[in-house]
Amino acid sequence: MLVEKIPVARRGMLFKCMLCGQLCCSLNPEISEEDLERIKRAYPSFKPYVSPEGKMILIGDNGYCPFLKNGVCIIHEYKPIICQLYPFYPVEKRILNSIMELPEDAEVVKHGSEEYVFLFDEECPGVGSGDPVDFKNLLRRFIEAKPYLKSPL
Ligand code: SF4
Ligand code: SF4
């Protein structure tokens, strides 16, 4: 079945995080061991919630990330890979090709024999501002972290 519209990042797309803390911080990101080590540099006694499937998740009593204070991430320099990637998320191009027609100017990044495109959250207010996104670098960080995450979305 063809999907009509999924937001796909285009070449030269701009992004600057507005630190609004509105969207990405309510998604309860999964973190890797490496993310945890980095967070512990700032908060040595921090313990994440561990789900029954063994996923380490950032969720506090109010349902939001425990590092969201007054609408701002207080571990911006140490934040997990999923938060660093947001609002972009890489997907193998061949998977998207099977469900939709990709725009001609879609950003495509090669990794080994695979090509990736990037879905993004249109609601994020930082999209369209700031500097061109370094998608190559985003993909590299995602590929490095993927084996340590159970289900990165
Ligand atoms: S990534 Fe987007 S939604 Fe998240 S804090 Fe930055 S601007 Fe807001
Ligand atoms: S670590 Fe920071 S950016 Fe990530 S969900 Fe928590 S408050 Fe938001």
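Mentor: Start with the rule for pairing. Two strands count as a pair if DSSP finds at least two bridges between them. Keep in mind that this is a predicted model.

Now apply the rule. β2 (30–31) and β4 (residues 56–57) are joined by 2 bridges and run antiparallel. One position to look at is I31, which stands opposite M56 in β4. The pair belongs to an open sheet of 3 strands in the order β2-β4-β3, with antiparallel pairing. The edges of that sheet are β2 and β3 (49–50), and each has a single partner strand, so one side of each is left without a neighbour in the sheet.

The loop between β1 (14–15) and β2 holds L19. L19 is not a glycine, yet its phi is positive, at about 50°. For background, most residues other than glycine have a negative phi. N70 lies in the loop between β5 (68–69) and β6 (72–73). N70 is exposed, because it has 6 other C-beta atoms within 10 Å, and the cut-off for that class is 12 or fewer.

Next, the domains. The assignment gives domain 1 (1–18 + 87–148) and domain 2 (24–84). Their centres, taken over C-alpha atoms, are separated by 23 Å. How many residues make the contact? On the domain 1 side there are 5 residues, in contact with 6 residues of domain 2. The side of domain 1 that touches domain 2 has 4 nonpolar residues, no polar ones and 1 charged.

Ligands come next. Ligand 1 has 13 residues around it, and C17, C20, C24, C124 and G126 come nearest. Its shell divides into 10 nonpolar residues, 3 polar and no charged. Around ligand 2 stand C24, C25, P29, L58, C65, F67, L68, C73, I75, K79, P80 and C83. That shell has 11 nonpolar residues, no polar ones and 1 charged.

Follow the chain on to α2 (81–85) and β7 (88–92), where the loop between them holds P87. The peptide bond from Y86 to P87 is cis, with omega near 10°. As a rule, most peptide bonds are trans.

β7 and β9 are antiparallel over 5 bridges. In this pair, F88 stands opposite F120 in β9. β9 also takes β8 (residues 109–111) as an antiparallel partner, through 3 bridges. There H111 stands opposite E114 in β9. β8 and β9 form a hairpin with 2 residues between the strands, and G112 in that hairpin has a positive phi near 60°.

The largest core has 28 residues, and L85, Y86, F88, F118, L138 and F142 touch the most other members. At least two core residues come from each of α2, β9 (114–120) and α4 (135–145). Where does this core lie relative to domain 1 and domain 2? Domain 1 (1–18 + 87–148) and domain 2 (24–84) both give residues to this core, so it lies between them. Take F142 as one member. Beyond its neighbours within four places in sequence, F142 is in contact with I81, L85 and P90.

Finish near the start of the chain. R11 lies in the segment before β1. R11 is partly exposed because 13 C-beta neighbours lie inside 10 Å. Setting aside residues up to four places away in sequence, R11 touches D105 and E107. R11 and Y86 are 75 residues apart along the chain, and their C-alpha atoms are separated by 17 Å.

Definitions and conventions. Residues numbered from 1 in each chain as written. Chains lettered and ligands numbered in written order. Predicted model: local features only at pLDDT ≥ 70, side-chain atom pairs only at ≥ 80, totals over all residues. Helix = DSSP H or I, 4+ residues; strand = E, 2+ residues; numbered from the N terminus. Buried ≥ 20, exposed ≤ 12 C-beta atoms within 10 Å, placed from the backbone. Domains from an automatic or database assignment. Contact = placed C-beta atoms within 7 Å. Nonpolar A, V, L, I, M, F, W, Y, C, P; charged D, E, K, R; others polar. Near = placed C-beta within 6 Å. Core = buried A, V, L, I, M, F, W, Y, C linked by C-beta atoms within 7 Å.
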